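Here's a quick briefing to read with the structure open beside you.

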Amino acid sequence: MAASPSTARAINDRLALRLLQDEGPLTAGQLKQLTGLSRPTVADLVERLADSGLITVVGESGEQRRGPNARLYGIVADRAHLAALDVRTEGVSVLVSDLLGRVRTEASVPIAGDIGTGPAVEQAVALVERAVKEAGADRLHTVGIGAPGLIDPVTGELRDSSGLPAWHRRLVAALQERLPEARVSVENETNLAALAEQREGGARDRDTFVLLWLGHGTGAAVVLDGTLRRGASGGTGEIGFLPVPGTATLPSATDCEGGFHSLAGAAAVETLADACGLTGAADGTDGPRAAGLVRAAVAGAAPPAATDRFLDALADRIAMGAASVVAVLDPGCVVLGGEVGQAGGARLAARVQERVRRMSPLPTEVRPSTLGGGAVLRGALLTARERAQDDLFTGDPRRGGAAG
């Protein structure tokens, strides 16, 4: 069944916009070549998108003589502004970007654990408002939030989870109230990190992989055949609750103490480093002290014998979680993410891979993250940008959407 003229125009417009997004500024002639559309059709869509404020002339092509076809058209980056948030138990980080994902400003604020829900929410919202102002944006079109905990697969809301601050759940509603024109959504932080690693990081060549998050806490994200899997209740990857040998107790439904978290969380890594004689060897960079200890060990800042004991023992622990995931999912690739995974680099990944190889008959490559703790913000930005572009690039461009 043939598409109606309006539907055909919408399809052509969206195709052209995607090409401009992926390839950068293009001439009408290049759009004709890449889309396979006729010259009159391309001329019509260029005029339509320009009139809508979605594209504009950004220069001229030096490869063609001057004239209409030599004009370079690009997406109007300021058509909308976006915000991405990384919400942790100890604070919030935010960045504001334009429609193309170019970061205009970044900021963060620590939030004390005893400050109370209302003041904590106000600190976080004020941080976002300051960042928007510093970015020179009038308002936000889309806000993407990465937070620990379970996301309800039906409502898309952050579920009440024991052990997490109450202000996490209040923050989403507060942002929507203070930014009524913005589209606010929240996703599990490890899931966002996996999306970022798939698009821009250590899993760019993989359609199927597992991200093993190693930071203040532990988690996992599962990507199968290019699709992020969340599970029936949104809890796929809650590996901190995985029962493992080597702990004093078993985890419970309300506390992951005694699970994999007790072996590979930041506090456990610090204790292990102390036991191996690496006390005080952290490199002092931002992030969990555990990541600094691992980074210092990999860099050779500690005696070789102590370094080997530490990295071998840490690899033993991480491999128990990785091997369990491999046995169930056979992903073929495990990325060691988070600040600790990135800090361990190739030396830690190789040790974990060797141990998984001994424990499992399933061939598995273990890689270090290239984005580390920053993957959450990058994933939140990627999802916010996609949602904004889906809104602005769909339907009648003359109607547009909420400009930012």
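Sorted by class, the residues lining the second largest pocket come out as 6 nonpolar, 7 polar and 7 charged. Keep in mind that this is a predicted model.

**H6 against H12**

- H12 also packs with helix H6 (residues 189-200), at an angle of about 80° and with the two axes 7 Å apart.
- That angle makes H6 roughly perpendicular to H12, because anything from 65 to 115 degrees counts that way.
- On the H6 side, the contact takes in Glu 189, Leu 192, Ala 193, Leu 195, Ala 196, Glu 197, Arg 199 and Glu 200.
- Facing them from H12 are Ala 375, Val 376, Arg 378, Gly 379, Ala 380, Leu 382, Thr 383 and Glu 386.
- Split by class, the contact of H6 with H12 has 8 nonpolar, 2 polar and 6 charged residues.

**H9 against H10**

- Helix H9 (residues 289-298) and helix H10 (residues 304-329) have axes that come within 10 Å and cross at roughly 125°.
- H9 and H10 are therefore oblique to each other.
- As for handedness, H9 goes past H10 in a left-handed crossing.
- H9 brings Leu 293, Val 294, Ala 297 and Val 298 to this contact, while H10 brings Thr 307, Phe 310, Leu 311 and Leu 314.
- That gives the contact of H9 with H10 7 nonpolar residues, 1 polar residue and no charged ones.

**H10 against H11**

- H10 turns up again with helix H11 (residues 338-359): their axes come within 8 Å and cross at roughly 50°.
- H10 and H11 are therefore oblique to each other.
- H10 and H11 make a right-handed crossing.
- In the contact of H10 with H11, the classes are 13 nonpolar, 1 polar and 6 charged.

Definitions and conventions
Residues numbered from 1 in each chain as written. Predicted model: local features only at pLDDT ≥ 70, side-chain atom pairs only at ≥ 80, totals over all residues. Heavy atoms only, no water. Axes fitted to C-alpha atoms, helices over the stretch in contact; angles between N-to-C directions. Helix = DSSP H or I, 4+ residues; strand = E, 2+ residues; numbered from the N terminus. Parallel < 35°, antiparallel > 145°, perpendicular 65-115°, else oblique. Left-handed = near helix turned anticlockwise from the far one by under 90°. Contact = heavy atoms within 4.5 Å. Nonpolar A, V, L, I, M, F, W, Y, C, P; charged D, E, K, R; others polar.
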